[in-house]
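User: I am new to this structure and would like a friendly tour of it. Could you walk me through it?

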Amino acid sequence: MSLPRWDLSSIYPSVMSKEFRADLSRIHALKDEVLSTMESLSVREILDIFNEAEALISNTSAYATALLSTDTGNPEYMKAVSASEDAYLAMDEAWKAFVRSARLRKDEFSSPDLACYKVILDEIITESEHLMGEGDEKLASEFLKVSALSWSKLQESITSSALEGEKTLTELRSLAYSGDREERKDAYYREKALLKRHSDALSYCLNGVKGTVLLLEGRRKWNSPLERSLFSSRISRKTLDALIEALEESIPIFRRYLNVKARFLGLQKLSYYDIFAPIGKNSLKYSFEEAEEMVYSTFSEFSPDMGEFALKAFRNGWIDAEPRQSKVGGAYDEIFKKSGESRILMNFDSSYDSVSTMAHELGHAYHDSMVMDLPALLSSYPMTLAETASTFSETLLFNRALKDADDKEARIALIEQFLSSVNQTCLDILSRFYFEMDAFEKRRDGELSASEFNELMLDAEERTYGDAVCEKHEYMWAVKSHYYSEEFSFYNYPYAFGELFALALYKRSLEDPSFPDSYRQMLRKSGMESAEDAALSIGCNVRDKDFWLSGINVFEHYLEELESCL
């Protein structure tokens, strides 16, 4: 089967081209302009400079990353990625200088012609209150390169290269989806044996990252890493509490699903290595052209403009779908702000899961298109909203696939796959949230040993999975790379936010004929409002626990159908 590769020629001719190099040089020039003339510039003029710079950074960084991800050993692409990172750091220095001056410019911030920037300007004022002195911030930037970033790279290196027999950790973890229980079980124990051998080194990595975060965010006068995370997510503690309370209240529903799955598998209880086991038989295979048609018709049924957007992506070579040597696994969407386009990387294998991935990433790209013509600073939405359009698109496709499934086994497989995905982004995410809360709290008192991290992980899994899973995975703290991110602590609850928000929106779309227009407007506002206000614009009160429960109701609806098939 011939699969498409993306066409990047409309972005730049190459990483060696004068156009690419000129944009990198322009970023550095803009940094110099801000630092040398900031006092004489108005706030609007400074914001315009950052808008231009952000659009250029988006283009250059996304272009270099896209090329490297399809040819990971190419030295020219590696250098281009490094050059784009240097450009980003240059503008970050200029941004911090502007933020530092914010308290002296508060009067200018209230100017009527800056009204659309209100959220961004309010954030700048808050950020200015949490900056160290200029010298300390420069030192912190250098410090990160030899502390948290190095620990993060070491964790990635260990987990990507360590072997158990002839299997890598990635290969062992992929066997969790095997239909053979003995194969899953063997992979589970081999995975834990591998992680146990490297647990001391990985515990040093996690201690290093969490220790760095506590040190720097303490010096910046954040009360906790969670407070800093909520600020980045553009939500209040009240919203997070409502989300967590809804998840906790729904733990019995998620455990009920796991017990139903156990019965389908002929088991008394699931073990951890059974959580992703397939049930039912979805033997449908799709050509890439059939996948395109399925996504196009699904999107068009919801909204003609969404269907036209998907068609544009297909016709203009925006998708790289061919698996090949030196290409990374997985999937992602990249926005090229200056060029006004997006690109999608995926690895198509003809399965329904691949079609769903296509819909998911095109959902991201559709979100991009809603904010593409806005200034860059007004089109950068928080992580809490980043998974909304992608998960919503995936849900549309799932329901379309259900309508087309006339075979009971295929229907069971589709529903179970959906429930498994939601369970992972709700129940498992809750366990990760518990673990990270406890890890930060314990780390304040000193370094933790690998066995202490194990105890925290098992406690978090016991509080969530409970007796629905009889064998837990005490080394999950060593596997999840998100724990090792200095830039974004609590890289977990935003996924639950996005999942349940999208499910609640889908439920609303079935009841409101005008929903597609409201949905587009909400996506368009996602970068210029708080996540709470963007949700409120479409009639969703995310500060209310009942709103989140309405998303879980969608999960429970399909769980009841799965139960009826027993």
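Predicted model: local features only at pLDDT ≥ 70, side-chain atom pairs only at ≥ 80, totals over all residues.

Analyst: Residues are numbered from 1 along each chain as its sequence is written, and side-chain values use heavy atoms, with hydrogens and water left out.

User: At what angle do helices H19 and H22 pack?

Analyst: Helices here are DSSP runs of H or I with at least four residues, numbered from the N terminus (strands are runs of E, at least two). H19 spans residues 408-443 and H22 spans residues 493-509, and their axes are 8 Å apart. Axes are lines fitted to C-alpha atoms, for helices over the stretch in contact, with angles from 0 to 180 degrees between N-to-C directions. On that scale, H19 and H22 pack at about 145°.

User: How many nonpolar residues does the contact of H19 with H22 have?

Analyst: Contact means heavy atoms within 4.5 Å. H19 brings residues including Phe418, Val422 and Ile429, while H22 brings residues including Tyr493, Glu499 and Leu503. In the classes used, Ala, Val, Leu, Ile, Met, Phe, Trp, Tyr, Cys and Pro are nonpolar, Asp, Glu, Lys and Arg are charged, and the others, Gly among them, are polar. The contact has one charged and two polar residues, and the nonpolar ones number ten.

User: Are H22 and H25 roughly parallel or roughly perpendicular to each other?

Analyst: H25 covers residues 545-564, and its axis lies 8 Å from that of H22, at an angle of about 75°. Angles under 35 degrees count as roughly parallel, over 145 as roughly antiparallel, 65 to 115 as roughly perpendicular and the rest as oblique. Among the residues that meet are Phe501 and Lys507 in H22 and Trp548 and Gly551 in H25. H22 and H25 are therefore roughly perpendicular.

User: Is methionine 306 buried or exposed?

Analyst: Buried means under 20% relative accessible area, exposed over 50%, and partly exposed in between (1.4 Å probe, protein chains only). Methionine 306 is found in helix H15, residues 304-315, and leaving aside neighbours within four places in sequence, it is in contact with Phe299, Tyr366, Ser393 and Leu396. Because its relative accessibility is 0%, methionine 306 counts as buried.

User: What is the relative accessibility of aspartate 23?

Analyst: Aspartate 23 lies in helix H1, residues 18-37. Not counting residues up to four places away in sequence, aspartate 23 touches Tyr12, Leu56, Thr60 and Lys338. Aspartate 23 counts as buried because its relative accessibility is 7%.

User: Where does phenylalanine 490 lie?

Analyst: Phenylalanine 490 has a positive phi near 60°, in a residue other than glycine. Phenylalanine 490 is buried, with a relative accessible area of 1%. Its place is the loop between helix H21 (476-479) and H22.
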